[in-house]
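Open the model in your viewer and keep the selection panel at hand. Each stop below names what to pick and what to look for.

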Amino acid sequence: EQLRPGIKEVIASKHFLKDAPDFDTSLISDCRHEHFTKLHKFEETIEGNHIFRAIKGKTHYVYAIDRNKRLIFLRAFRNFKDYKKFLNEKRVILKIIQNE
């Protein structure tokens, strides 16, 4: 919540749009907790980019707030193992952030 007031732009990566084409990104940017089991769970910081997760049903939505105060939706996973594997791929995460 400390970072949210400074957000200048909301972006959905190509990967995220494939993973969750019908997802309403404003639910996370507006902090509407009633739609999620967990919202804004901080995972880690990778080279100044803060990585978060929200859970709705069995889907894990991974997003970042980068150094430029952009909220970038990275990926959505229905499988917890795939989500954990993605978090370990720091180069992939950085590449998605840099390409947006």
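Select Asp66 and Arg70. Both residues are buried. Their side chains meet in a salt bridge, 2.7 Å from N to O. Keep in mind that this is a predicted model.

**The salt-bridge network**

A search of the whole structure gives 5 salt bridges. Now pick Glu43. Its side chain forms a salt bridge with Arg53, at 3.2 Å from N to O. This pair links distant parts of the chain: Glu43 sits in strand E2 (residues 38–46), Arg53 in strand E3, and they are 10 residues apart. Are Glu43 and Arg53 buried or exposed? Both are buried.

Lys41 is partly exposed, with a relative accessible area of 31%. Through shared partners, salt bridges join Lys41, Glu43 and Arg53 into one network.

Select residues 59–65, strand E4. How many of its residues are buried? The count is 7 of 7, so the strand is mostly covered by the buried cut-off of under 20% relative accessible area. Look along the strand. Thr59, Tyr61, Tyr63 and Ile65 point one way, while His60, Val62 and Ala64 point the other. In a regular strand, side chains alternate between the two faces of the sheet. Both sets in E4 are buried.

Bring in strand E3, residues 49–56. E3 and E4 pair in the antiparallel sense over 7 bridges. Find Ala54: it stands opposite Tyr61 in E4. Then step to the hairpin of E3 and E4, which has 2 residues between the strands. Gly57 takes a positive phi there, near 65°.

Next, show strand E5, residues 70–77. E4 and E5 also pair in the antiparallel sense, over 6 bridges. Val62 stands opposite Arg75 in E5. The hairpin of E4 and E5 has 4 residues between the strands. In this hairpin, Lys69 takes a positive phi near 65°.

Arg75 lies over the face of Phe86, at 6.0 Å from the ring centre.

**The aromatic rings**

Show the rings. There are 10 aromatic pairs in the count. Take Phe16 and Phe23: their ring centres are 5.7 Å apart and their planes lie at 75°, so this pair is edge-to-face. Phe16 and Phe23 are both buried.

Move to Phe52 and Tyr63. This aromatic pair is stacked, with 5.6 Å centre to centre and 15° between the planes. Phe52 lies in strand E3 and Tyr63 in strand E4, so the pair ties together parts that are 11 residues apart in sequence. Phe52 is buried, with a relative accessible area of 10%. Tyr63 counts as buried too, at 0% relative accessibility.

Which residues do ring pairs link into a cluster? Select Phe16, Phe23, Phe42, Phe52, Tyr61, Tyr63 and Phe73.

**Helix H4**

Last stop: helix H4, residues 90–99. Colour its buried residues, Ile93, Leu94, Ile96 and Ile97. They cover an arc of only 160° around the axis, which puts them on the same side of H4. An α-helix has 3.6 residues a turn, so residues three or four places apart point the same way. Then turn the helix over. On the other side of H4, Arg91, Lys95, Gln98 and Asn99 are exposed.

Note on methods
Residues are numbered from 1 along each chain as its sequence is written. This is a predicted model: local features need pLDDT of at least 70, side-chain atom pairs count only at pLDDT 80 or more; totals for chains, interfaces and linings use all residues. Side-chain values use heavy atoms; hydrogens and water are left out. Buried means under 20% relative accessible area, exposed over 50%, partly exposed in between (1.4 Å probe, protein chains only). Two strands pair if DSSP finds at least two bridges between them. The arc is that of the directions from the helix axis to the C-beta atoms. A salt bridge is a side-chain nitrogen of Lys or Arg within 4 Å of a carboxyl oxygen of Asp or Glu. Rings of Phe, Tyr and Trp (its six-membered ring) pair if their centres lie within 6.5 Å; planes under 30 degrees apart count as stacked, over 60 as edge-to-face and the rest as tilted. A charge sits over a ring if NZ of Lys or CZ of Arg is within 6 Å of the ring centre and within 35 degrees of the ring normal.
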